Amino acid sequence: MRDSGPALYRALFDDAALFPPGNAPMGEAIPAHRAHRASRRAPYVGPFLVADARLAELRTVLSRDQAHGEPLALVVTVPGGGDGLAAAVDAVRSDPALSLAGVEVAAAPGEAADTAAAVVKAMAGDGGEPGADGYVEVARGEKATADIEALVGTGAHAKFRTGGVRAEAHPSETELAALLAAAIGAGVSFKCTAGLHHAVRHTTAEGFEQHGFLNVLLATHILLSGGTAADAAEVLADRDGRALAARVAGLTSEQVERVRSSFRSFGTCSIVEPLDDLVVLGALNP
């Protein structure tokens, strides 16, 4: 049975509207997120992302909204490492207008295991929240594979940075394929952040080589099916959107489930753009 449509993209797109290059103002990003969650896009929209340094601002904006309804599901990013984690988690848990969906904490090279322990400890406080996830952002470089392997059995997931506002922030297809292969080989699920604004690999107006999320989904499937990192790199380099969409459409429901168990979500500063790409490629109904 073929079932690679909506299930493949369910809750795939975490709302990173506050982050570059979108940089939406807080007062606009929150109502826009609520609008997405109330629209036909809702099945595909993940939680709202905010950096720990902006939690006070977010809480102030929410306090002015007397009709905000259900708590805002929130993932807090902590780029400074584990030292700021406890304060960020406490700030969210103390506010009834917020619901902690997860945390993402950056780890220095060689420190993934210690960071994972801090993440799991913080998430377990007061019993934790059902469904809340902890991610360790693995630093790029020669220690990346060992750091991914260090997450095995910790209860934390991996996070890979796949782009940014500089050309060098974008890993090559070979580098990203190696990260994906290491994670899948170790049985560590992961999310991605930055640079996956569109479905298909492309070159931006600034000259950045950006990965496509369809490419990453299919590369994940290739690796789960016994393919090599070289096979995954070839898929990551593919710029034929129609061909990629056709290959993804051929995945079975079981294959879709396996892919999404590994590749859990990615942060995007636009919810509309990636979904529009899928519509244009015929992967989703308008």
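Colleague: Happy to look at this with you! How many disulfides does a search of the whole structure find?

Modeller: A disulfide here is a pair of cysteine sulfur atoms within 2.5 Å. The sulfur of Cys 192 is 15 Å from the closest cysteine sulfur, in Cys 269, which is too far for a bond. For the whole structure, the number of disulfides found is zero.

Colleague: Good to know. What should I keep in mind about the model and its numbering?

Modeller: This is a predicted model, where local features need pLDDT of at least 70, side-chain atom pairs count only at pLDDT 80 or more, and totals for chains, interfaces and linings use all residues. Side-chain values use heavy atoms, with hydrogens and water left out, and residues are numbered along each chain as its sequence is written, from 1.

Colleague: Thanks! Is the Phe 13 and Phe 266 pair stacked, tilted or edge-to-face?

Modeller: Rings of Phe, Tyr and Trp (its six-membered ring) pair if their centres lie within 6.5 Å, and planes under 30 degrees apart count as stacked, over 60 as edge-to-face and the rest as tilted. The centres of Phe 13 and Phe 266 are 5.3 Å apart and their planes are at 80°, so the pair is edge-to-face.

Colleague: And is Phe 13 buried or exposed?

Modeller: Buried means under 20% relative accessible area, exposed over 50%, and partly exposed in between (1.4 Å probe, protein chains only). Phe 13 has a relative accessible area of 0%, so Phe 13 is buried.
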